[in-house]
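Please prepare a briefing on the pockets and helix packing of the model shown below.

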Amino acid sequence: MPIKVITDSTSDLPNDLADSLGITIVPTNVIFGDEQFQDRVDLSPAQFYERLVDSPVHPTTSAPSIGQFVETYESVAADADGIVSIHVSAKLSATYNAAVQATDQVSLDCPIEVIDSEQASSGLGLAVVAAAKAAAGGADLESVANIARSANGRSNCLALFDTLEYLQRGGRIGKAQAFVGSILRIKPMIVIRDGEVQPFAKARTYAKGMAQMEQSIRDAGPAEELCVTYSTDEDMARRLGESMSDLLPEGTDPIIAPMGPSVGAHVGPGAIGIASLRAT
């Protein structure tokens with residue numbers, strides 16, 4: 001039986017891609033006041049951003065419960081020789097810790113490797129895709145886990161924001177706090193590095209910011225995988241993806257994906273991200 005790959009919904013992987021690669025996604029939670037939703041299960045990205053703009057209540061997020069992971073591991077284990085569970089940076093969420101604690105509460109014949117990706121959104125998603133492709137190719141547990149771990153060293157994950165208000169409200173701003181107070185008429189850019197949000201650059205316009213991000217991705221060299229994520233402007237994301245498609249192997253297309261509710265609660269409208277997985 002194959003190795004099974006599990007992640008959480010902060011990976012921002014499109015459902016059709018996850019299904020095609022046999023990836024199981026554990027949903028995180030999004031809370032609007034007294035209402036709680038499971039990311040992408042009972043609240044789609046489109047529904048979330050419509051509500052985000054209209055609601056006077058700022059949403060919060062929470063990690064999946066230990067019980068959710070126990071249930072997922074028990075369900076997946078029936079058809080697996082092992083499980084590799086890859087999650088959002090432990091510095092940004094309690095998800096990784098919940099997954100680790102769940103392994104202590106299950107009694108299964110197949111081993112489970114829980115990995116802190118030290119990434120978020122598409123940076124996490126590309127590590128998961130790489131691991132799932134290896135698993136589909138027949139790799140063993142150790143090989144799949146090592147591929148997931150090595151992805152962080154090959155990842156370049158950047159994002160351009162219209163405002164840092166949502167990131168600051170959600171408490172995930174990290175070292176990008178240095179931007180606050182000096183971003184009037186500036187479009188801030190962040191990078192996920194060492195498992196946390198760090199400042200990358202500032203641009204006067206959105207177009208200049210996208211050009212700067214694209215150049216940074218190009219400077220990293222040819223990519224094994226490339227993903228462009230967006231909160232509200234799909235057309236812009238597709239244009240950016242097409243512009244960078246030459247970095248990919250022939251016949252490979254960039255992944256274009258909406259930032260889901262759990263990520264969207266922290267980035268807000270008008271955000272766009274680029275992640276590349278440097279070719280080996």
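This is a predicted model: local features need pLDDT of at least 70, side-chain atom pairs count only at pLDDT 80 or more; totals for chains, interfaces and linings use all residues.

Residues are numbered from 1 along each chain as its sequence is written, and side-chain values use heavy atoms, leaving out hydrogens and water.

**Helix packing**

- The axes of α8 (residues 206–219) and α9 (residues 234–244) come within 11 Å and cross at roughly 35°; axes are lines fitted to C-alpha atoms, for helices over the stretch in contact, with angles from 0 to 180 degrees between N-to-C directions.
- Helices (H or I, at least four residues) and strands (E, at least two) are DSSP runs, numbered from the N terminus.
- On the α8 side, Tyr206, Met210, Glu214, Ile217 and Arg218 meet Met236, Leu240, Ser243 and Met244 of α9, contact being heavy atoms within 4.5 Å.
- This contact of α8 with α9 comprises six nonpolar, one polar and two charged residues; Ala, Val, Leu, Ile, Met, Phe, Trp, Tyr, Cys and Pro count as nonpolar, Asp, Glu, Lys and Arg as charged, and the others, Gly among them, as polar.
- The axes of α3 and α4 (residues 95–103) come within 8 Å and cross at roughly 55°, and α3 passes α4 in a right-handed crossing.
- α3 and α4 are therefore oblique to each other, as angles under 35 degrees count as roughly parallel, over 145 as roughly antiparallel, 65 to 115 as roughly perpendicular and the rest as oblique.
- Ile66, Phe69, Val70 and Tyr73 of α3 meet residues of α4 including Thr95, Ala98 and Ala102.

**Largest pocket**

- The largest pocket has a volume of about 430 Å³; a pocket is an open set of points on a 1 Å grid over the protein atoms alone, where a 1.4 Å probe fits, with protein on both sides within 12 Å along at least five of seven lines.
- Its volume is the space filled by probe spheres set on the points, which are joined across faces, edges and corners.
- The lining (residues with an atom within 4 Å of a point) numbers 30 residues, with Leu92, Ala120, Ser262, Val263 and His266 nearest the centre.
- α10 gives the largest share of this lining, four residues.

**Second largest pocket**

- The second largest pocket has a volume of about 150 Å³.
- β2 (23–26) and α3 (66–77) each supply at least two residues of its lining.

Conventions. A crossing is left-handed if the near helix is turned anticlockwise from the far one by less than a right angle, and right-handed if clockwise.
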